[in-house]
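Colleague: Let's go through this model together. I will ask, you answer briefly.

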Amino acid sequence: MANPNGIGAPVRRREDARFLTGRGTYTDDIIRPNQTHAVFVRSPYAHARIGGIDAGEAMKAPGVIAVLTGADMEADKVGSLPCGWQIHSKDGSPMKEPPHFPIARDRARYVGDPVAVVIAETREQAKDAAELVMVDYEELPAAVTSVKALDGSAPQVHGDAPGNLCFDWHLGDAAAVDAAFAQAAHVTKLDLVNQRLVPNAMEPRAAIGEYDRANGDHTLTTTSQNPHVIRLLMGAFVLGIPEHKLRVVAPDVGGGFGSKIFHYGEEAVVTWAAKKVGRPVKWTADRSESFLTDAHGRDHVSHAELALDKDGHFLALKVSTIANMGAYLSTFAPSVPTYLYATLLAGQYKTPAIYAEVKAVFTNTAPVDAYRGAGRPEACYLIERMVEVAAAETGIDKAEIRRRNFIPAAAMPYQTPVALQYDTGDFAKNLDIALPMVDYDGFQARKAESAKRGKLRGIGLSTYIEACGIAPSNIAGALGARAGLYESAEVRFHPTGSVTVFTGSHSHGQGHETTFAQLVAERFGVPIENVEIVHGDTSKIPFGMGTYGSRSLAVGGSAIVKAMDKVERKAKKIAAHMLEAAESDIEVKDGRFVVAGTDKALSIGDIALQAYVPHNFPLDELEPGLDEQAFYDPKNFTYPNGCHVCEVEIDPDTGVVQVVNFAAVDDFGRVINPLIVEGQVHGGLVQGIGQALFENCIYDEESGQLITGSYMDYCMPRADDVPSFAVQYHEDQPCTHNPLGVKGCGEAGTIGASAAVMNAVMDALSPYGVTHMDMPATPEKVWQAIQRATPAQAAE
Amino acid sequence: MPCTVSMTVNGKAVSREVEERTLLVTFLRDHLGMTGTHVGCDTSQCGACVVHVDGRSVKSCTMLAAQADGADVTTIEGLAAADGSLHPMQAAFREHHGLQCGFCTPGMVMSAIDLVKDNPNPTEHEIREGLEGNICRCTGYHNIVKAVKAGAEAMQGGSMKAAAE
């Protein structure tokens with residue numbers, strides 16, 4: 001009988017108890033005795049020389065304790081925020097890595113770049129005083145869009161990055177691609193923009209720095225997805241604090257989606273300032289501040305060409321992308337448009353030759369880095385739009401053209417021409433399940449019915465694959481990562497049989513306190529309420545890389561399994577001694593340790609008690625205690641994959657696009673908690689729909705001002721903008737290289753959805769001769785496209 | 001300039017001297033230490049700050065504490081019973097996985113309760129429209145809608161399982 005709290009069970013979440021009753025502990029909720037408040041003075045210009053900073057008036061304002069600047073940090077030898085991934089250009093030269101100081105020193109390079117920090121008794125006093133700080137700015141011309149920043153005449157963002165080029169990278173086989181294009185029966189070409197987005201986790205960023213003068217210990221409490229990474233980067237590279245004197249705590253964190261991975265300047269400032277003023281320093285971003293300063297996502301401009309033979313088989317794909325890095329390199333930024341993007345350009349297809357070149361560009365805008373999917377939504381959007389445009393151009397049905405090109409399940413493991421080797425996957429199966437879910441065959445009838453009501457209807461597919469569960473450390477290192485990407489776990493049994501699991505993963509919505517406990521409940525039969533998951537505090541947990549890239553169960557969960565393997569090995573020895581049997585005769589059945597062929601058995605609780613009260617214990621062979629640690633370095637990426645189908649209805653009079661049906665079929669390998677997995681899919685789908693129809697982060701091209709600087713102008717998808725979803729998954733293709741067989745599910749919805757929506761919108765607009773439209777497909781854009789169509793087309 | 005504001009919060013009378021410009025959400029979070037109500041934006045759109053003032057849902061970031069002088073305020077901390085048992089809407093959110101990071105949740109639950117008070121048997125469409133003032137980035141709203149439907153049923157005395165179908 002399956003364990004109702006074990007693997008595969010829809011266990012309700014433990015963490016809900018505090019979140020539903022207002023007892024969560026988010027960083028801004030925390031009050032430290034004698035704390036002060038920090039408010040940043042930020043550049044109102046996209047590009048400016050910083051002359052003098054006069055804090056005279058500000059220092060006289062009520063409650064003000066200090067006004068600190070970049071010069072103060074420089075005097076204390078504070079370093080630059082490091083970049084965690086190094087990319088080399090085509091010519092072998094390393095990327096340009098200009099310094100990025102926590103507070104700008106002589107130049108501000110984007111609207112929002114901090115130039116000073118005011119510390120006061122209350123937040124209101126700090127805000128009031130910040131307005132009194134006089135900064136002598138000399139405004140400079142700004143390079144705002146990535147394309148314009150590359151043209152020779154653009155203003156330079158950094159002196160040591162001529163032409164604003166950070167790197168010029170490539171992947172694949174240009175010669176093979178050119179040869180294939182020469183043979184092509186048809187070539188599809190497309191210019192695509194994957195627009196800049198603001199991640200907008202609902203909790204704005206916050207940080208509290210503390211310093212204990214008596215023993216020289218620093219503590220940083222911060223809204224982070226990976227506290228150990230922050231401890232390492234900030235301690236070693238920015239503030240020169242040895243790691244054993246620096247504790248970083250990420251308490252309850254209200255969403256991340258990648259934006260809370262990075263080491264931000266504010267974290268270093270509050271940590272440094274706490275020692276300077278001798279009191280805790282707390283900072284919480286306003287939402288407008290978040291808009292200006294959280295790392296943004298996406299911002300690719302691409303040109304792509306797909307070569308096909310006369311039967312619609314893909315012969316080659318070539319892609320040229322300009323990726324915006326923003327004003328400074330954020331922690332993982334260079335990896336996103338390179339190794340997390342170009343390596344996915346095979347998609348689910350057998351395309352034999354692929355070549356991608358990527359230019360990364362500095363602009364006077366906020367830094368750009370990973371946002372849910374990080375490179376994979378960009379790849380999927382490009383491929384899946386190309387595929388449907390190719391289908392339309394060649395007259396081959398959109399599902400059929402995919403079937404002709406899918407990598408068959410029997411071909412797995414499959415080596416793509418872009419470095420990655422997929423382990424398992426049955427792409428045709430995903431499509432077979434998805435199409436009936438939306439009654440694909442009945443579409444024409446629904447389209448006719450919509451037409452009777454004066455509406456347009458369209459249907460679009462997106463068959464996605466992604467590389468997650470990042471990542472094997474040696475591969476990552478070879479590709480430029482300046483970190484390992486393993487995960488850690490400690491499984492500590494207590495004498496009375498309850499368990500604490502310390503994990504290097506971090507939960508900021510993913511439900512690890514429940515799902516990780518399910519792993520222990522399943523393995524050892526411990527009642528789930530007796531399993532506690534501890535995460536987020538570097539003083540408690542072993543070194544972990546944190547949560548992003550759909551890695552928590554694949555890597556974090558696997559580390560827990562390895563630790564449990566060690567526990568089981570030791571427990572068997574103890575059990576053998578207690579039961580007076582040979583170790584090889586001990587079997588583990590439903591969490592009980594049984595002498596094979598008998599009914600002599602012990603629970604893990606019996607064994608744990610003996611381990612800590614070792615009176616009937618093989619002390620000459622074994623140490624007391626039952627507490628094991630493991631680090632798990634993944635053997636490969638994992639490859640979740642699936643098929644999304646989107647149906648839209650458009651009102652031609654208003655241009656409003658309504659998503660009337662959306663089905664997602666996914667292969668996540670083994671599913672630990674279906675409730676949580678489906679929830680991750682729903683959330684991802686709405687972010688993908690958000691990109692397709694609503695969201696766009698826009699800077700004014702002349703001034704570099706952020707125009708979409710609040711929820712007034714940045715359109716977040718709301719409950720009445722999206723439908724309910726039909727979501728299904730199958731577990732027939734488990735991951736072959738981790739002990740759980742899981743592939744990860746956190747980003748899948750975001751990766752596949754945008755292409756499905758845009759394909760549906762283009763399908764609906766095809767009678768008007770519209771073949772492509774950049775996201776978001778706002779009512780204005782759709783309406784304009786319809787107006788521009790010829791009367792003959794409009795009349796159909 | 002300071003002024004004294006007095007009100008009842010979750011059944012308890014409170015009184016504090018605050019600056020006149022103090023928002024109700026700041027009063028709750030910073031002056032009363034009740035951090036269950038959250039601040040997610042600065043343009044009165046996200047709904048994370050929703051509380052009940054004299055029985056109606058209000059965005060506490062868009063109201064001065066002084067405006068709530070004399071009022072009866074309920075926050076997320078005041079929903080569960082004295083013995084700790086959850087309000088049916090809270091229980092429905094847990095049952096249907098209507099929350100992930102939990103940050104929008106207090107405001108979402110408070111809005112949902114008021115929505116159901118006005119419309120005891122809301123359709124999916126009515127729920128989605130009714131929650132337009134509460135932004136969630138994690139759940140995609142799918143399970144929130146299910147939770148609100150179930151919570152509505154439960155608030156009328158029906159069982160949650162029936163509502164889930």
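Colleague: At what angle do the axes of helix H2 and helix H5 of chain B cross?
Modeller: Bear in mind that this is a predicted model. H2 covers residues 88–95 of chain B, and H5 covers residues 142–155 of chain B. Their axes come within 8 Å and cross at roughly 145 degrees.

Colleague: Is the crossing of H2(B) and H5(B) left-handed or right-handed?
Modeller: The sense is defined for H2(B) passing H5(B). That crossing is right-handed.

Colleague: By class, how many nonpolar residues does the contact of H2(B) with H5(B) have?
Modeller: H2(B) contributes B:Pro88, B:Met89, B:Ala91, B:Ala92, B:Phe93 and B:Glu95. From H5(B) come B:Ala147, B:Ala150, B:Gly151, B:Ala154 and B:Met155. By class, the contact has 1 charged residue, 1 polar residue and 9 nonpolar.

Colleague: Which strands stand at the edges of the open sheet of 5 strands in chain A?
Modeller: The order is E7-E15-E14-E13-E8, with mixed pairing. On average, neighbouring strands are turned by 10 degrees against each other, direction ignored. Two strands have a single partner strand each, so one side of each is left without a neighbour in the sheet. They are E7 (165–172) and E8 (186–194) of chain A.

Colleague: What is the bridge partner of A:His300 in E14(A)?
Modeller: Strand E13 (residues 300–308) of chain A runs antiparallel to strand E14 (residues 314–326) of chain A. The two are joined by 9 bridges. In E14(A), A:His300 has as its partner A:Ala323.

Colleague: Which helix lies across E8, E13 and E14 of chain A, running at about 140 degrees to E8(A)?
Modeller: Helix H6 (residues 174–182) of chain A lies across E7, E8, E13, E14 and E15 of chain A, but its angle is given to E15(A), at about 120 degrees. The helix at about 140 degrees to E8(A) covers residues 376–394 of chain A. That is H10.

Colleague: Which residues of strand E12 of chain A are buried?
Modeller: In a regular strand, side chains alternate between the two faces of the sheet. In E12(A), residues 281–284, both faces are covered. One side has A:Val281 and A:Trp283, and the other has A:Lys282 and A:Thr284. The buried residues are A:Val281, A:Lys282, A:Trp283 and A:Thr284.

Colleague: Which residue of E12(A) is the bridge partner of A:Gly209?
Modeller: E12(A) pairs with strand E1 (residues 36–42) of chain A in the parallel sense over 2 bridges. There, A:Thr36 stands opposite A:Val281. Strand E9 (residues 206–212) of chain A pairs with E12(A) in the antiparallel sense over 4 bridges. A:Gly209 has as its partner A:Val281.

Notes
Residues numbered from 1 in each chain as written. Chains lettered and ligands numbered in written order. Predicted model: local features only at pLDDT ≥ 70, side-chain atom pairs only at ≥ 80, totals over all residues. Axes fitted to C-alpha atoms, helices over the stretch in contact; angles between N-to-C directions. Left-handed = near helix turned anticlockwise from the far one by under 90°. Contact = placed C-beta atoms within 7 Å. Nonpolar A, V, L, I, M, F, W, Y, C, P; charged D, E, K, R; others polar. Pairing = 2+ DSSP bridges. Buried ≥ 20, exposed ≤ 12 C-beta atoms within 10 Å, placed from the backbone.
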